[in-house]
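Hi,

Here is the structure I promised to send you. Have a look at it first, then read my notes below.

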Amino acid sequence: MSNILINVSLSDEPAQKRPPPVNWKNKNMRYRKKPSSLEGRNHYNHRTGQVLPPRQNGANHSAPPTSSNNTTLPSNSLCSASPSTSAQCQEKPNDAGNTKASPSCSSSQKPTTTQSSSSAAMPTKFLAIDCEMVGTGPKGSISQLARCSLVSYDGDVVYDKFINPPVPVTDYRTRWSGIRHRDLVNATPYIEARKEILRLLMGKVVIGHAIHNDFKVLGYAHPGVLTRDTSRIPLLNQRAGFAPNEVASLKRLTKAIFNRDIQTGRKGHSSVEDARATMQLYRVVEEQLERTLASKAQNT
């Protein structure tokens, strides 16, 4: 008779349950990649700790993308990107009013600049004009523009051209105009010159001596509030010692106030010289004249 050994555990502890056997076939199925389900999902990069955007067909996730549609820009930046142009980014101004551009972001929108409110009073808003005429028609009785000069507040030449009249010249008036036949051979046509001159006069304070003659030969009417005629400024006559309502010539006023001679010799006048003298006369009484005009404008 064989001996049978029966080992009976007398411990009160409950018997531990064995874990169920692992089905390695099912476990591997959970980690099997499904190519059709990976597209359109974010991926986690275990090396960099970053969440990568959805993979495109044939895309490589070895490096994080530099930009994406879901990227949120910092709240202190104003950036607009264009697919066809490089962008520039401009940060919002801080409390001190200074702005700082970011070198890594760009925008096709140009930064806005604030213009000074005193730009209307800048010397560049002033131009002095003088025109020289020749005669056309019977005995040269009809005046036509043959030269026009514009100078700045400081006397710098802004425009100075000989101008070819649209009709034949019958009297060059060289003694006064200084114009000769050779000056008009390759001169600028009147229609083209007129457009250039009016473009420069637009919005400017224009000073001239007997300026209505200059505007007449240009076929132009400048706004009265932006026109200064040195032949009709009583303050200049007072400085020169003339009667307040006397219409003195530019030559006489220049001699009386500056003790300088202009329009001398037989070569005729120089429109540049006359325009500079006109601007200098205006600047003598500018402050008092403009104050008087502003007071009249308020009272009307």
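This is a predicted model: local features need pLDDT of at least 70, side-chain atom pairs count only at pLDDT 80 or more; totals for chains, interfaces and linings use all residues.

Residues are numbered from 1 along each chain as its sequence is written, and side-chain values use heavy atoms, leaving out hydrogens and water.

Helices (H or I, at least four residues) and strands (E, at least two) are DSSP runs, numbered from the N terminus. Strands pair if DSSP finds at least two bridges between them.

Start at strand β8 (residues 157–164). On one side, β8 pairs with β7 (residues 142–151) in the antiparallel sense over 5 bridges, with Phe162 as the bridge partner of Arg147. Their hairpin has 5 residues between the strands, and Gly155 there has a positive phi near 90°. β8 also pairs with β10 (residues 188–189), this time in the parallel sense over 2 bridges; Asn164 has Pro189 as its bridge partner.

Now the helices. α4 (residues 190–201) and α5 (residues 211–218) pack at about 130°, with axes 11 Å apart (axes are lines fitted to C-alpha atoms, for helices over the stretch in contact, and angles run from 0 to 180 degrees between N-to-C directions). In contact (heavy atoms within 4.5 Å) are Tyr190, Arg194, Ile197 and Leu201 of α4 with Phe215, Val217 and Leu218 of α5.

Enjoy exploring!
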